[in-house]
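Please read the following report alongside the sequence and the model. The text moves from aromatic contacts to strands and then to single residues.

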Amino acid sequence: MSSKRRRAERDGTFGGATPGRAIIDIGSNTVRMVIYGGTMRAPTVLLNEKVSPRLGRDIATDGKLADEAIDLAMRGLKRFALLLEDLGVDDVETVATAAVREASNGAEFVAELRKLGFQPRIISGEEEACLSANGVAGAFPGATGTVADLGGGSLELVSVVNGQPGDAVSLPLGTLRLPEYRGDSRSAMRKAIEKALKKGAPRIEKGQPLYLVGGTLRTMAVYAMQEQGHPLSDPHGFMLEPDEAKAHIGKALAKETVDSLKERDRISAMRAEKLPDASVLAEAMLSRFDPSCLIFSSWGLREGLLYDRLPDHAKAQDPLLAGVGVFATQRGAPQTLAARIAGWTVDAAPTQKHGSERLRLAATMLALASMQIEPNIRLPQAIDWALHKRWIAVSSKDRAMLAAAIAANGNAAELPGEVRELASEEALDEAMCWGLAVRLARRLGARSRRSLQVSRLLVEDKTLILRLAESHSDLFGVPTEKDMKLLAGKLDLDWKVDIIPDDELLENELI
């Protein structure tokens, strides 16, 4: 273990997570620093702080970064420099986008950044687009479609095929510039934007997903989720069919004012000012690109920078298992233990029509981790993990199945209504069998490795069978009997316990 990691764990700066990398993103609206820990395949955000100097606000009129905006940005960046020094974070990547690359005084601003110890890189619009596409590819493995990243100064568009970026372009359609397209009506503005898209956008294949990236677009997703009464809270991975998008973004959002938007939960004053124009842009993209659906991504440029540096074998890792693995390990459920228990339960409670082995393993890790929570708050908190924490590469149905497995592991048969809204009874029953099997495995021998070595759980002739070595027959106690009955009942099977000689159990294993 490195001295840096030992110091971080000793000091407890981020609750057991060691800060590994920092990215400073100098955009046209905001200057943001994010410090990441955990695995970089599914990083944990340890600190996310921004200032909003609106560096690009005067670019269209006089081509310069305003002095007041520079002062505000530098105030935030000086604070960032001190924080990084005090936290001992030396892997820092600083990038600047549209405002700095287009401003006549951009080079002077960059020189001031270097005096603070930063090594800023001004990235082109095409590079920005490809990095955003990398972020989407990291969050949605194998993604194919079009990525649209809306910033303050520009809109980046890039095609992506099987996670690989293709043609890319940067258009002057950022939130700070959209007001220039306003006409006499919303429809006039949409036509003007469509014309700009037609002229500048790369060749886009219609009928494929359109991945939407950027803070304003995520806020648009939050608005649509509120309109739908959606039971989840994280906009990442939220999907809208074209008709739904036209209803929630086109019709409903068109009736809102900046003031009415500010009154809504989770919509900041800054985003409220940008949403009306951004909704017109979204309508124009729907019309121009004719996508199969809209998918909102919280991973973009910054996550693309992380993903881009990963070796190929790390990129190939499952981001759900990578993220859940770190999370559960920090909560007393190491991945090796979860893998042993998942293996022990697989014959009796395998994946069937609705699940997958990756989801079953993730559910096992979260179910085991949930047992470290105090009993009086365990179930709601653990279900919140499943439903509302930002896991990567999971659907709403997957989240519901995670929640159902966690509930069953805690012997809670009644699932919250929000869980039942997201998945069918058949899918939830499958996941509850996973959870009941995990419950049996962990309670049989208090999670000991030995208890899993001297026992087997299987199904034969419509009977759930627990085979237990004679040397450990006393492990079959009252709690174990109750757990066997619960699992067998959910599987609609009879059940029995076979106590067999130790050497016979080993022979059966070898066969």
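Are Phe 140 and Tyr 211 buried or exposed? Both Phe 140 and Tyr 211 are buried, where buried means under 20% relative accessible area, exposed over 50% and partly exposed in between, with a 1.4 Å probe and protein chains only. The model is a predicted one, in which local features need pLDDT of at least 70 and side-chain atom pairs count only at pLDDT 80 or more, while totals for chains, interfaces and linings use all residues. Residues are numbered from 1 along each chain as its sequence is written, and side-chain values use heavy atoms, with hydrogens and water left out.

**Aromatic rings and charges**

The structure holds 5 aromatic pairs; rings of Phe, Tyr and Trp (its six-membered ring) pair if their centres lie within 6.5 Å, and planes under 30 degrees apart count as stacked, over 60 as edge-to-face and the rest as tilted. Two of the pairs are set out below.

| Pair | Centre to centre | Angle between planes | Class |
|---|---|---|---|
| Phe 140 and Tyr 211 | 5.3 Å | 50 degrees | tilted |
| Phe 238 and Phe 296 | 6.1 Å | 25 degrees | stacked |

Phe 238 counts as buried at 5% relative accessibility, and Phe 296 is buried with a relative accessible area of 0%.

Phe 327, Trp 385 and Trp 391 form one aromatic cluster, and the charged end of Arg 331 sits over the ring of Phe 327, 3.7 Å from its centre. Such a placement requires NZ of Lys or CZ of Arg within 6 Å of the ring centre and within 35 degrees of the ring normal. Lys 315 likewise lies over the face of Tyr 307, at 5.3 Å from the ring centre.

Strands of a sheet pair through backbone hydrogen bonds, either parallel or antiparallel. An open sheet of 5 strands has the order 3-2-1-4-5, with mixed pairing, two strands being counted as paired if DSSP finds at least two bridges between them. The edge strands are strand 3 (44-51) and strand 5 (120-122), each of which pairs on one side only. Strand 2 (residues 31-37) pairs with strand 3 in the antiparallel sense over 7 bridges, and the bridge partner of Val 34 in strand 3 is Asn 48. Helix 12 packs on this sheet, touching strand 1 (19-26), strand 2, strand 4 and strand 5, and its direction makes about 135 degrees with that of strand 1; axes are lines fitted to C-alpha atoms, for helices over the stretch in contact, and angles run from 0 to 180 degrees between N-to-C directions.

Within helix 12 (residues 301-308) is Glu 303, which counts as buried at 10% relative accessibility. Not counting residues up to four places away in sequence, Glu 303 touches Tyr 36, Gly 135 and Ser 298, contact meaning heavy atoms within 4.5 Å. The C-alpha atoms of Glu 303 and Gly 135 are separated by 4.9 Å, although the two residues are 168 residues apart along the chain. In strand 4 (residues 92-96) lies Thr 94, buried at 3% relative accessibility.

**Strand 13 and its partners**

Strand 13 (residues 463-469) is mostly covered, with 7 of its 7 residues buried. Thr 463, Ile 465, Arg 467 and Ala 469 point one way from strand 13, whereas Leu 464, Leu 466 and Leu 468 point the other way. Strand 12 (residues 455-460) and strand 13 pair in the antiparallel sense over 6 bridges, and Val 459 stands opposite Leu 464. Between strand 13 and strand 14 (residues 494-500), which run parallel, there are 7 bridges, and Ala 469 stands opposite Ile 500 in strand 14.

Notes: Helix = DSSP H or I, 4+ residues; strand = E, 2+ residues; numbered from the N terminus.
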